[in-house]
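Trainee: Please put the model on the screen. I would like to go through it by question and answer.

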Amino acid sequence: DTSGKTITCRAAIAWKTGSTLAIEEVQVDPPKAREVRIKMISTGICGTDDHAVKGLLSINFPFIPGHEGAGIVESIGEGVSSVKPGDKVLTLAIPQCRECSSCLHPKGNFCEKQDVLPSSGLMLDKTSRFTCKGKKIYHSFRASTFTEYTVVPEIAVAKIDAAAPMDKVSIISCEVPTGYGAAVNSAKVTRGSTCVVFGLGGVGSAIVMGCKASGASRIIGVDINEEKFPRARALGVTDCLNPRNLKKPVQQVVMEMTRVGVDFAFEAIGLSDTMIAAWDSCHRSYGVCLMVGVASSNSQLSLNAPDIISGRTLKGVCLGDYKTRDCIPQLVTDYLQNKINIDPLITHQLPFDQLHKAFELYHAGKTIRCILLF
Ligand code: COD
Ligand code: ZN
C-alpha cells in the first residue's frame, strides 16, 4: 500500500526553456487535503505541451509537462468526496471549482482556479508535490501527466465510466472537448452550413469531426502540411487549402470559394496571422469565428476596427465551453455508446519511455495524436 507515502517513479522533466525532455526518477508526495494522487495509464501529446516545453507560454521551469491524461486514483487526501482509490479518471487542464464567477455562471467554464494563463505550476496551496535530485519541480496546467504518478486538486479530476478503454480516452481530457466541443457546443454549427478550419492537427481534426456531426455541408481545411489532407478528407473536409501554395492570402481564396464568406471559422493553430485569416474568412454579417488555438504569451491580435460593426462574432473558446467535471465524463460515455468515434484521432501509441520518438513524430508532422502508454 503506497497511500500516505512518497512514491518514487519515472517522469519527464523540462529542465529549461527549449531543452529536450529528460526522463528522470522523481519523488511524488502524497496528496494533501482535497487533492488526488493518480497512477497514469495514458497521456496524449497536445500542441499546448509542445508550446510549454519550448517556453512559448508563461510557465515556471523545471516542470513536468502533459495535461491530457487518463489514470486510476491511487490515493486521496482529506476531504475528497468525488473520487476514491481505484476509480478511472481524466485530468482536467481547466478545473471546475463550482464556487467561482465562471463556475457559477450558466455559460462560464474558465474556472478562476485554472493554472494555464498564466501558469504558476503550483498546487492551490502554492506548493509542489514533485521533487527530483533534491530540487522542487513545478506542475503544469493543474495536471502534469508525463509521469507515472501525479497529484492534482480534486476540482481538476473527472471520474469516468469504469468500462472506458484507458489506452485511448486520455484524448477526451483535452483534444476531443477542445475541438469537437468548439464545433458542437460553442459554435453550435448548423445543418447545411459552410465551415473553415485552420490547422488540421489533433484539435483541428476534432473540430472537423464536430462540424461533420453537426451536418455542415462544406468544410474547408487549411494547413501548411499537405500530409494532413487525406486524413482530414476522411473526417469530412471537402476542400483542402495550403496557404503556401496560394497566390493570394488564404482568406481571400476562402471568400472567392464561398462568395460571401463562411458561417463558421475555427482557428486551431495559435498564431495571430491565422486568427486574422479565420476572422476575415467569416461572413461579414452572421459569420462566427472561434479562436481555439493557444497563442504565445504576449502576442497581440490586430483587427480592422471599422469592420467589426458588420455583425460578425469573435469568440474565444477553451475545452469547448464545457464545464469540465460536469460534461467531460459524458463524452467518454458517448464514445462507449458509439455516439462519437475518437479512434480516427489516434494515429500513434508508444510506451512512455519512447517519449522522444513521439515528439520527433509530432515535430515531423506525422501525428494527429500520439498517446504515450505507461
Ligand atoms: N498555417 C496553416 N497551418 C499551420 C500553420 C500555418 N501558419 N502553422 C502550423 N500549422 C498546422 C500544422 O501543420 C499542424 O497540422 C496544425 O497547424 C497544428 O496542429 P498540432 O497537431 O501541432 O497541434 P494540436 O492540434 O495538438 O494543438 C492545437 C494548438 C496548437 C492550437 C494548441 O494551441 C492547443 O492545444 N489548443 C487547445 C487549447 C485548449 O483549449 N487547451 C486546453 C487548455 S491547455
Ligand atoms: Zn471555478
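Trainee: Is C100 buried or exposed?

Mentor: This is a predicted model, where local features need pLDDT of at least 70, side-chain atom pairs count only at pLDDT 80 or more, and totals for chains, interfaces and linings use all residues; side-chain values use heavy atoms, without hydrogens and water. Residues are numbered from 1 along each chain as its sequence is written, while chains are lettered from A and ligands numbered from 1 in the order in which they are written. Buried means under 20% relative accessible area, exposed over 50%, partly exposed in between (1.4 Å probe, protein chains only). C100 has 8% relative accessibility, so C100 counts as buried.

Trainee: Which protein donors does the zinc ion (ligand 2) have?

Mentor: Donors are N, O and S atoms within 2.8 Å of the metal (3.2 Å for Na, K and Ca); water is not among the atoms, so sites may look incomplete. Here the protein donors lie 2.3 to 2.4 Å from the zinc ion, and they are C97 (SG), C100 (SG), C103 (SG) and C111 (SG).

Trainee: What arrangement do the 4 donor atoms make around the zinc ion (ligand 2)?

Mentor: Four donors count as tetrahedral if all angles lie between 85 and 135 degrees. The angles subtended at this zinc ion are 103 to 122°, so the arrangement is tetrahedral.

Trainee: What area is buried between domain 1 and domain 2?

Mentor: The bounds, from an automatic or database domain assignment, are 7–168 + 346–373 for domain 1 and 178–317 for domain 2. Buried area is the accessible area (1.4 Å probe) that two parts lose on being put together, summed over both. Carbon and sulfur atoms give 55% of the area between these domains, which is about 940 Å².

Trainee: Which residue forms a salt bridge with K366?

Mentor: A salt bridge is a side-chain nitrogen of Lys or Arg within 4 Å of a carboxyl oxygen of Asp or Glu. The closest N and O atoms are 3.3 Å apart, and the partner of K366 is E227.

Notes. Tetrahedral: all angles 85-135°; square planar, octahedral: opposite > 155°, others 65-115°.
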